[in-house]
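User: I would like to go through the secondary-structure packing of this model. Could we begin with the helices and then turn to the sheet?

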Amino acid sequence: NPLPHVLGMVCDHQCQHKCTRSNYDSSLLIREVKRFIAARNQDRPELVPAKANGKKVAIIGAGPSGLSCAYFLTLEGFKVEIFETKAFAGGMVSDAIPSFRLTADAIGKDIEYIRKLGVEIKYDQKIDQQRFAELQRDFDYVYIAIGAQAAKNMGIPGEDAQGVIDQLKFLADVRQGKKVELGPKVAVIGGGNSAMDAARTAHRLIGEQGRVIVVYRRTQSEMPADLEEVK
């Protein structure tokens with residue numbers, strides 16, 4: 001498992017819905033099991049990569065996909081370099097998941113473990129057409145792990161008006177410690193986990209004197225967010 005601390009805190013645990021234990025009582029709480037094991041075993045055994053095979057791989061993006069790719073390829077003997085456009089690794093995990101759900105310490109431990117295997121991460125790398133051609137020339141393989149960093153638009157008039165905020169930018173700004181100005185009343189449109197993160201983050205910013213409401217187009221039972229996040 002390349003990212004045990006991250007998964008132990010924020011995995012969406014789809015496997016729990018199919019867990020055969022629920023035939024008897026309730027499903028195994030697999031995410032909490034991973035979190036417990038990761039927390040209780042800080043000294044992970046150091047893995048030894050296989051003998052170098054002479055192949056070089058460039059990975060574009062240091063999010064969970066890019067980091068996992070680097071982890072497994074390095075163990076198989078590949079020389080891996082990651083090129084990340086931001087000044088930090090982790091992708092949306094580091095940029096948009098609130099710190100009350102996923103701590104920077106947990107992310108850092110997983111990234112450092114992968115880096116110590118011999119993975120080189122280069123930051124502030126803008127990969128344009130020319131740079132991409134250079135990577136294709138200089139490496140045997142290129143793995144593209146740029147993620148899905150754009151929020152969905154609703155496609156309705158007024159969503160670009162003042163006071164309407166993209167939830168990913170909002171969460172990223174708060175996570176990075178930037179000042180975010182909110183009024184005393186906040187409406188969050190949507191019923192997924194990102195909406196719950198935005199609502200809980202807004203509530204922490206405006207305090208008890210303010211009000212945060214979630215507006216969703218369907219019924220509460222149809223909300224795609226995890227039940228514990230809704231609660």
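Analyst: This is a predicted model. In it, helix α7 (residues 167–175) packs with helix α8 (residues 193–206) at an angle of about 45°, and their axes are 10 Å apart.

User: Which residues in α7 and α8 meet?

Analyst: From α7, the residues are Q167, F170, L171 and V174; they meet S194, D197, A198, T201, A202 and L205 in α8. Six residues of this contact are nonpolar, three are polar and one is charged.

User: Now the sheet. What is the order of the strands?

Analyst: The sheet is open and has four strands in the order β3-β2-β1-β4, with parallel pairing. At its edges are β3 (120–122) and β4 (141–144), each of which pairs on one side only. On average, neighbouring strands are turned by 20° against each other, direction ignored.

User: How many bridges join β1 to β2?

Analyst: Strand β1 (residues 56–60) and strand β2 (residues 79–83) run parallel and are joined by five bridges. For V57, the bridge partner in β2 is V80.

User: And which strands does helix α3 lie across?

Analyst: Helix α3 (residues 64–75) lies across β1, β2, β3 and β4. Relative to β2, helix α3 runs at about 170°.

Key
Residues are numbered from 1 along each chain as its sequence is written. This is a predicted model: local features need pLDDT of at least 70, side-chain atom pairs count only at pLDDT 80 or more; totals for chains, interfaces and linings use all residues. Side-chain values use heavy atoms; hydrogens and water are left out. Two strands pair if DSSP finds at least two bridges between them. Helices (H or I, at least four residues) and strands (E, at least two) are DSSP runs, numbered from the N terminus. Axes are lines fitted to C-alpha atoms, for helices over the stretch in contact, and angles run from 0 to 180 degrees between N-to-C directions. Contact means heavy atoms within 4.5 Å. Ala, Val, Leu, Ile, Met, Phe, Trp, Tyr, Cys and Pro count as nonpolar, Asp, Glu, Lys and Arg as charged, and the others, Gly among them, as polar.
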